[in-house]
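Student: I'd like a close look at a single part of this model. Could you take it slowly and keep the pieces connected?

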Amino acid sequence: MKIEFSNLHLASGDFSLALDLVLDAPVTALFGPSGAGKTTLLETIAGLRRPASGSLRIDGEVVNEPATNTFVAPERRRIGYVPQDGALFPHLNVRGNLLYGRHGGSGPDFDRVCALLEIGGLADRPVHRLSGGEKRRVALGRALLASPRLLLLDEPLAELDIPLRERVLPHLGRLRHEFGLPIIYVSHSPEEIVALGSEVVALEHGRVTHRGRATDLFAPSGPPRQEWREGPAR
Amino acid sequence: MTAADWQVTGFTLAVAAFSTILILPWGWGLAWLLARRDWPGKSLVETVVMLPLVMPPVATGLLLLKLLGRRGAIGGWLADHLGVDIVFTWRGVVAATAVMSFPLLVRTARVAFEGVNPRLEQVARTLGASPARVWWTVTMPLAGRGLLASGVIAFARAIGEFGATVMVAGFIPGKTATLALSIYNLVQLGHDDDALRLLGLSVLLAFAAVWAGERLQRRPAT
């Protein structure tokens with residue numbers, strides 16, 4: 001999977017995102033302070049935001065190019081997007097949520113996804129009776145069952161307590177191995193990024209500031225960034 | 001209750017229901033556009049739609065009379081091309097009640113749409129749902145209760161409409177007489193007992209409609 005941003009420019013209020021970047025690692029972490037443009041980048045790939053200029057290609061196909069009026073709608077991109085709050089449909093139960101994006105019998109096996117994410121026993125539960133960690137896993141399962149070709153996760157582990165984090169983290173690793181699905185995710189946590197063995201793209205003010213392997217960037221000899229020194233690779 | 005009372009009540013309910021059904025698709029459509037999209041002229045449209053809510057109903061009625069009369073821009077065209085008269089017919093009552101309840105419909109429906117987290121609609125798109133499927137499977141079920149309430153409130157407003165109706169449709173017993181117009185007329189004639197009977201009926205209808213509307217709005221979506 002290759003995602004190419006060519007001179008892509010997107011503005012929203014005071015904020016602007018400017019990218020000339022190729023993402024092709026199996027797992028990519030977007031790292032940086034709040035307001036750096038990490039979520040905007042994910043939403044642009046998903047087709048939820050339209051750039052003002054430049055182009056975005058996914059596996060060679062142009063999906064955004066204002067100059068030629070090219071825009072592939074989100075429903076035709078086959079990109080799974082799990083926002084920070086999970087955004088589960090409150091009027092559907094867990095099963096209804098999981099099956100929302102399912103097309104006939106194609107895609108990953110329902111029981112297998114439920115088993116992998118340990119959500120099989122929750123199928124008939126209303127969404128408001130799920131815990132924070134369960135909500136994340138259901139949202140992840142729902143995205144997976146729509147058979148995406150790429151998974152975008154916005155802070156999949158944020159706001160979870162440490163025991164829960166330790167339970168959800170292996171699920172993310174397993175997803176990659178089980179489904180061979182490329183993942184791009186937003187994280188504030190160097191531990192998480194190192195644990196998932198990711199390629200890191202660091203953003204600040206809508207621009208890429210650093211990029212490289214997690215183990216290198218978060219090493220003591222890595223770039224002298226305050227937040228990077230807080231990681232376990234110190 | 002006399003036969004005339006039943007006729008007036010039936011006519012009022014029928015006209016209110018018809019005018020509400022007539023404005024529902026437009027009201028909901030406009031409410032959605034106001035809640036979800038930014039477009040040039042949005043504030044102007046918003047203001048114009050809300051005018052009947054704050055203008056004297058009689059003034060709105062006069063404006064409608066000028067527009068819908070045989071010499072008016074809309075009324076003239078309808079009379080010439082379709083042979084349809086609006087003013088001083090039951091259609092006039094429908095037109096007046098529709099215009100007067102439209103702002104309430106739009107306001108309530110707008111709140112209902114604004115209550116649906118746009119993030120849910122976006123995620124549904126990424127799960128492969130077309131905009132139409134998102135509308136029917138996410139937006140409508142989540143806004144549904146509020147939309148139903150908007151219809152009930154518009155209906156309730158239509159039942160009680162007086163000022164604009166009397167200008168556009170006048171008081172013609174058996175033809176354009178609604179509950180509100182009949183009460184006014186009976187008081188004018190000094191038939192207070194008859195007026196009070198219709199008053200009781202109006203209170204009952206208004207109470208039922210407002211109660212249903214409030215109940216629909218209050219109950220949670222899940």
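Student: How many bridges join strand β3 (residues 27–31) of chain A to strand β9 (residues 183–186) of chain A, and do the two run parallel or antiparallel?

Tutor: Quick housekeeping: this is a predicted model, where local features need pLDDT of at least 70 and side-chain atom pairs count only at pLDDT 80 or more, while totals for chains, interfaces and linings use all residues. Residues are numbered from 1 along each chain as its sequence is written, with chains lettered from A and ligands numbered from 1 in the order in which they are written.

Now your strands: β3(A) and β9(A) are joined by four bridges and run parallel. Helices (H or I, at least four residues) and strands (E, at least two) are DSSP runs, numbered from the N terminus, and two strands pair if DSSP finds at least two bridges between them.

Zoom out a bit. β3 and β9 sit side by side in an open sheet of six strands in chain A, ordered β7-β8-β9-β3-β10-β11, and the pairing is mixed. At the edges stand β7 and β11 of chain A, each with a single partner strand, so one side of each has no neighbour in the sheet. From one strand to the next, the twist averages 15°.

Helices pack here too. Helix α1 (residues 38–46) of chain A touches β3, β7, β8 (150–154), β9 and β10 of chain A; contact means that C-beta atoms, placed from the backbone, lie within 7 Å. The direction of α1 makes about 150° with that of β8(A), where axes are lines fitted to C-alpha atoms, for helices over the stretch in contact, and angles run from 0 to 180 degrees between N-to-C directions. Helix α4 (residues 132–145) of chain A lies across β7 and β8 of chain A, at about 170° to β7(A).

Head to the β11 end and look at His205(A), in the loop between β10 (199–204) and β11 (207–213) of chain A. His205(A) isn't a glycine, yet its phi is positive, about 50°. Most residues other than glycine have a negative phi. His205(A) counts as partly exposed because it has 14 C-beta neighbours inside 10 Å; the scale is buried at 20 or more other C-beta atoms within 10 Å, exposed at 12 or fewer, and partly exposed in between, with C-beta atoms placed from the backbone.

In all, 19 residues of chain A are in contact with 16 residues of chain B. Strand β7 (residues 79–82) of chain A gives the most to chain A's side, with three residues. That side divides into 12 nonpolar, five polar and two charged residues.

Away from your sheet, strand β1 (residues 3–12) of chain A runs antiparallel to β4 (residues 53–58) of chain A, joined by five bridges. β4(A) also pairs with β5(A), antiparallel, over three bridges. Those two form a hairpin with two residues between them, where Asp59(A) in the turn has a positive phi of about 50°.

Terms used. Two residues are in contact if their C-beta atoms, placed from the backbone, lie within 7 Å. Ala, Val, Leu, Ile, Met, Phe, Trp, Tyr, Cys and Pro count as nonpolar, Asp, Glu, Lys and Arg as charged, and the others, Gly among them, as polar.
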